[in-house]
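Grab a pencil and work through a few exercises on the model below. Each one comes with a solution you can follow step by step.

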Amino acid sequence: MKTIHSIIVLLLCLMAYQPKAEEAVTEAVAMAALQGFFDALSVEHHPNPRMNDWITHDFLIFEMGTSFNWARFQDFLDEAGYGAWTSTKWRFSEVRVSPTEYAAHISYVNTGEFVYPDPDDPEQSLIERNIWLESAYLVREEGRLKLKFLQSDNISREVEVLPQD
């Protein structure tokens with residue numbers, strides 16, 4: 001009888017055990033992951049050793065007609081002198097989020113403003129304003145939502161000399 005009682009208690013414990021549920025993929029969770037990626041990408045955090053918290057191991061970005069994995073995109077940023085830039089800011093508008101159980105797709109307009117040294121006159125700074133149409137695909141990896149793919153099409157770019165104070 002004691003054995004049967006032990007088995008019943010064990011079965012009840014197993015049935016009551018609920019593994020920790022992963023955070024549901026919602027619009028808010030997807031947008032937090034997208035914002036986290038761009039915060040990590042900002043020049044203030046460059047180079048960011050924690051970028052893998054925001055991108056999957058096989059992340060791809062399609063930018064300026066070229067497909068980059070993360071290592072190649074870092075090389076592209078380094079070649080552009082990204083580490084010497086003064087500021088990077090992004091603002092999202094016209095956001096559409098389509099979450100599923102394990103993933104999300106986000107399309108949006110991204111307005112960016114960058115300040116960096118003029119390559120022809122390092123004493124002078126330039127301000128660059130861009131508008132991109134972007135599409136991001138995020139999937140769950142290592143228990144959190146991360147960017148797997150980012151498509152970016154530049155639709156407007158203006159560069160002007162930043163007035164000196």
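**Exercise 1: an arginine and its partner**

Arg-50 is exposed, at a relative accessible area of 56% (exposed is over 50%, buried under 20%, partly exposed in between, with a 1.4 Å probe and protein chains only). Task: find which residue forms a salt bridge with Arg-50.

Solution. Before we start: this is a predicted model, where local features need pLDDT of at least 70, side-chain atom pairs count only at pLDDT 80 or more, and totals for chains, interfaces and linings use all residues. Residues are numbered from 1 along each chain as its sequence is written, and side-chain values use heavy atoms, with hydrogens and water left out.
- Step 1: look for a salt bridge, meaning a side-chain nitrogen of Lys or Arg within 4 Å of a carboxyl oxygen of Asp or Glu.
- Step 2: the partner of Arg-50 turns out to be Asp-53, with 2.5 Å between the closest N and O atoms.
- Step 3: searching the whole structure gives 7 salt bridges.

**Exercise 2: pair the strands**

Task: say how S5 sits with S4 and with S6.

Solution. Strands pair if DSSP finds at least two bridges between them.
- Step 1: S4 (residues 103–118) and S5 (residues 121–141) run antiparallel, joined by 16 bridges. Ala-103 faces Val-139 here.

**Exercise 3: charges on the strands**

Task: what does the salt bridge of Arg-129 with Glu-113 tie together?

Solution. 
- Step 1: the closest N and O atoms of Arg-129 and Glu-113 are 3.4 Å apart.
- Step 2: Arg-129 is in S5 and Glu-113 in S4, so the pair ties together parts 16 residues apart in sequence.
- Step 3: check accessibility: Arg-129 is partly exposed at 31%, and Glu-113 is partly exposed at 28%.
- Step 4: Glu-113, Arg-129 and Glu-160 belong to one network of salt bridges that share partners.

Methods. Helices (H or I, at least four residues) and strands (E, at least two) are DSSP runs, numbered from the N terminus.
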